[in-house]
Every structure is written in structure tokens, then in C-alpha cells.
Amino acid sequence: MGLRDGGLGCRMIMKKIKELSIMKKFFPVIVFLLLGSLAIATDFDTNISGVYSFSYFNEKVESTSTDIISHGIDLKICTYVNDSNIGFFMNTGFYFPSTLTAEIGGMEFKTTRDDYNWASIISLILGCTYKWDFENIVVYAAVGPHLAQTVITNDMVSVLGYSFGVGGDIGVRFFFSDLVFINVGSIVSYDFYKDISVDNGYAEINETGSYDYKSIRPYLGIGIRLNETIGKKKTINEE
């Protein structure tokens, strides 16, 4: 038992290293897109917010349906250029499941956070956003590709899953000043492709293909607004 647990622990560590290396590949892309868009613009308006979310995830695999209730935090960035209502959107979330309820063949099985050594979901949405301005209130919507990583481990099994689909965000910013706002809204996502590996300490099973993994994640948070101008401004003499 000890050798098996030790081997499983080593495999879990290697998986974590692999996960970090894969996720790191996305950050240069995000930075390049955001900074690249700003470099060609004269004026930009960036809204950055940190929010708390209470999330519901649902996974359906054949005759099994699993409900996941999670608490999490999100970092949300929206950038609009040249006074446009259309902009670039990024949301990355870190969620920590508190309960997992699986319905298998008409029977229900419920587990909690205490039943796992580690359970987390990491989410990334990168796309476009559109806003409607109403003085100190801004309503916005966003949509783009969605990538999720789900990790669940205990002493007997380790599950590492990647899924891909589409995600969206709809929310409201309530501005108390030119810089500070309250952010309220909800993320939604639907993933239709999976790449999942399950390691039980004796063998590793890999599954890829179609998927049914969806979520709704209401959130509440606070943010700041940054306004900048890039490039040389004209002087009176130059005009």
C-alpha cells in the first residue's frame, strides 16, 4: 500500500508539472493580444476587476450526471480602444469544489471537499466584449473560446481533465467614481470536447472526444478603471 501510494504521489507531482507548463503557454498569448491591441491604438479604456463567484458545474457522461458546487475567485479584464464599445475580454477563474453529487443508475452519491486531497477547476475565456453606457452604469456582454482544467485527487485515484468549448459573460459595472466600480454578473460556459486521464495507481486510462460539461457562475466583486493615451499628442504649433 505504501509503495502504491508513493508511486501515485510521484505521478501526481509529474502531472502538476505538466499542468503548469501547459497553462503557462496561454499567458504569453494573452499578453501579446492585449499589448498588441494597445500598441496600435491611441486611446484605451481598461476595466480590471476581482470577483467572488459561487459556481455550479454539471458533467454528463453516458448515464452518469455529476453536479459540482464550487466557490472561487476570478480576474476579469476588459479593454476598449479608441472610444469604441467593442473590446477585448479575458476572464480567468480558480474554483474549489465544496460538494460533488453524482447520480449513477438512479442512485445518488455525494462527496465533500474533505474526501479529496485536492480538487480544483481552472477556467480561461478569451474573446470579444460589447458594452452599453448609461452614465455611471455600464452593461456588458462577452463571448469567446473557453478552456477548463479539472483536477481531483485522493489516496486512491487521480483525475486530470482538460475540456474545450465556448464561454460567455454578462454583467453590470456600477461606477462610484471615474476609477472604482462594483461588478455584478455571471459567467456561463459549455464545453463539448474533453481530454481526460484517470490514474488509479495501477493503470492510467485516457479518454478524448465529445463532452457535455456546462456551468453557470454568478459573481460579485470590485474593480478599477484605467484610461490612457498611447502615442504623441499634437501640440498647438503642430496643428
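Residues are numbered from 1 along each chain as its sequence is written, and side-chain values use heavy atoms, with hydrogens and water left out. Because the model is predicted, local features need pLDDT of at least 70 and side-chain atom pairs count only at pLDDT 80 or more, whereas totals for chains, interfaces and linings use all residues.

**Exercise 1. Describe the overall make-up of the protein, from its secondary structure to its surface.**

Step 1. Of the 239 residues, 42% are buried, where buried means under 20% relative accessible area, exposed over 50% and partly exposed in between, with a 1.4 Å probe and protein chains only.

Step 2. Among contacts (heavy atoms within 4.5 Å) with a separation of 6 or more, 66% join residues 24 or more positions apart.

Step 3. The accessible surface, from the Shrake-Rupley method with a 1.4 Å probe, comes to about 13400 Å², of which carbon and sulfur atoms hold 67%.

**Exercise 2. Work out which side chains make polar contacts with Asp74, and how far away the nearest opposite charge is.**

Step 1. Asp74 belongs to strand β2, residues 64-81, and is buried without a salt bridge, a term that requires a side-chain nitrogen of Lys or Arg within 4 Å of a carboxyl oxygen of Asp or Glu.

Step 2. Arg217 is the nearest side chain of opposite charge, 4.9 Å away; in this count Lys and Arg are positive and Asp and Glu negative, while His and the chain ends are not counted.

Step 3. A polar contact is a pair of N or O atoms within 3.5 Å, where within protein one must be able to donate a hydrogen and the other to accept it, and residues adjacent in sequence count only if both atoms are side-chain atoms. The side chain of Asp74 makes such contacts with the side chains of Ser53 at 3.1 Å and Tyr95 at 2.6 Å.

Notes
Helices (H or I, at least four residues) and strands (E, at least two) are DSSP runs, numbered from the N terminus.
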